[in-house]
Amino acid sequence: MACEEKAGARTTMARFASLVRQNARLVVVAVCAIVFLLILDDVTEAESMRLDRAAYWLIVQHLRTPWLTPVMESFSALAAPVSMLVVLVVVAAFAPGKRPGWCCAVNLGLVVLINQVLKFIIQRPRPDGFRLATVSGFSFPSGHSMAAMAFFGLLAWLVWRYEKDRRQRALLVAAFALVIVMIGLSRIYLGVHYASDVIGGFCLSVIWLALYTHIAVPLFLGNEDRPLG
């Protein structure tokens, strides 16, 4: 009886795992939506979040050092308009496909628009008293974090989908992931965003990417995939 119960449990888990794999996009969207809504609820209630206090204690109070500050400023600058414009030009010039530059440009432009609309609606003040950079505007969700996840996240998705060399594919995706994470951390480190701003921005852009790669990318690049070597 015990063996039959264990076998049944394993079968149920295997079916559940298979269901999750088959609906991975939907699962990711659902998880990110739940996290974003939970953060948004606290933000709109103007509540002090344990997440923000913990991030301030760890990143601002204990990680700030003279040598690390310019490093974080450099990562933050990667999500600046000029930096992303340069990357866009490189993508348009060298990336394969029909219209990769337009695909990335439209993606970035729409995400920036969504971010500005949400900031105007929510109007969360930025952290005050410990900034290392001069900024203006509202805080939630983080524009740098949204742009980084949407822009470099799309590049990572395209590389993973179309690059044939497995080693190069893994290295490029890891590099893009590192850039995204460091841009988010840099905004907290520089004192211009709360951790909840960054995580909320990441979650929102992941939801956006799930939709954009499913609906818009095939319109720009076509439905034909390159074989992954």
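Both Arg124 and Asp52 are buried, where buried means under 20% relative accessible area, exposed over 50% and partly exposed in between, for a 1.4 Å probe and protein chains only. The model is predicted, so local features are reported at pLDDT of at least 70 and side-chain atom pairs at pLDDT 80 or more, while totals for chains, interfaces and linings use all residues. Residues are numbered from 1 along each chain as its sequence is written, and side-chain values use heavy atoms, with hydrogens and water left out.

Arg124 and Asp52 form a salt bridge, with their closest N and O atoms 3.2 Å apart. A salt bridge is a side-chain nitrogen of Lys or Arg within 4 Å of a carboxyl oxygen of Asp or Glu. Side chains of opposite charge can pair when their charged atoms come close. The two partners are 72 residues apart, with Arg124 in the loop between α6 (100–122) and α7 (143–162) and Asp52 in helix α3. Helices (H or I, at least four residues) and strands (E, at least two) are DSSP runs, numbered from the N terminus.

Arg124 also meets Asp197 in a salt bridge, at 2.7 Å from N to O. Asp197 lies in helix α9 and Arg124 in the loop between α6 and α7, so this pair ties together parts that are 73 residues apart in sequence. Asp197 counts as buried because its relative accessibility is 0%. Arg124 counts as buried at 11%. Shared partners join Asp52, Arg124 and Asp197 into one network. The count of salt bridges comes to two.

Helices α3 and α9 also meet each other. The axes of α3 (residues 50–60) and α9 (residues 195–215) come within 8 Å and cross at roughly 115°. Axes are lines fitted to C-alpha atoms, for helices over the stretch in contact, and angles run from 0 to 180 degrees between N-to-C directions. On α3, the contact is made by Leu51, Asp52 and Ala55. On α9, it is made by Ala195, Ser196 and Ile199. Contact means heavy atoms within 4.5 Å. By class, four of these residues are nonpolar, one is polar and one is charged. Ala, Val, Leu, Ile, Met, Phe, Trp, Tyr, Cys and Pro count as nonpolar, Asp, Glu, Lys and Arg as charged, and the others, Gly among them, as polar.

The chain as a whole has 10 helices and zero strands. Of its 229 residues, 39% count as buried. Among contacts between residues at least 6 apart in sequence, 80% join residues at least 24 apart.

Two residues illustrate such contacts. Leu78 is found in the loop between α4 (68–77) and α5 (81–94). Leu78 counts as partly exposed, at 32% relative accessibility. Leaving aside neighbours within four places in sequence, Leu78 is in contact with Ser83, Met84, Phe152, Val179 and Ile183. The C-alpha atoms of Leu78 and Ile180 are separated by 9.4 Å, although the two residues are 102 residues apart along the chain. Met182 sits in helix α8 (residues 166–189). Met182 is buried, with a relative accessible area of 16%. Not counting residues up to four places away in sequence, Met182 touches Met72 and Phe75. Its C-alpha atom is 9.5 Å from that of Ser145, 37 residues apart along the chain.

The loop between α6 and α7 holds two backbone features. Most residues other than glycine have a negative phi, and most peptide bonds are trans. Gln123, in this loop, has a positive phi near 55°. Gln123 is partly exposed, with a relative accessible area of 39%. Pro141 lies in the loop between α6 and α7 as well. The peptide bond from Phe140 to Pro141 is cis, with omega near -10°.

A search of the whole structure finds zero disulfides. A disulfide is a pair of cysteine sulfur atoms within 2.5 Å. For Cys32, the nearest cysteine sulfur is that of Cys203, 4.5 Å away. Cys32 is buried, with a relative accessible area of 11%. For Cys104, the nearest cysteine sulfur is that of Cys103, 5.3 Å away. Cys104 is also buried, at 0% relative accessibility.
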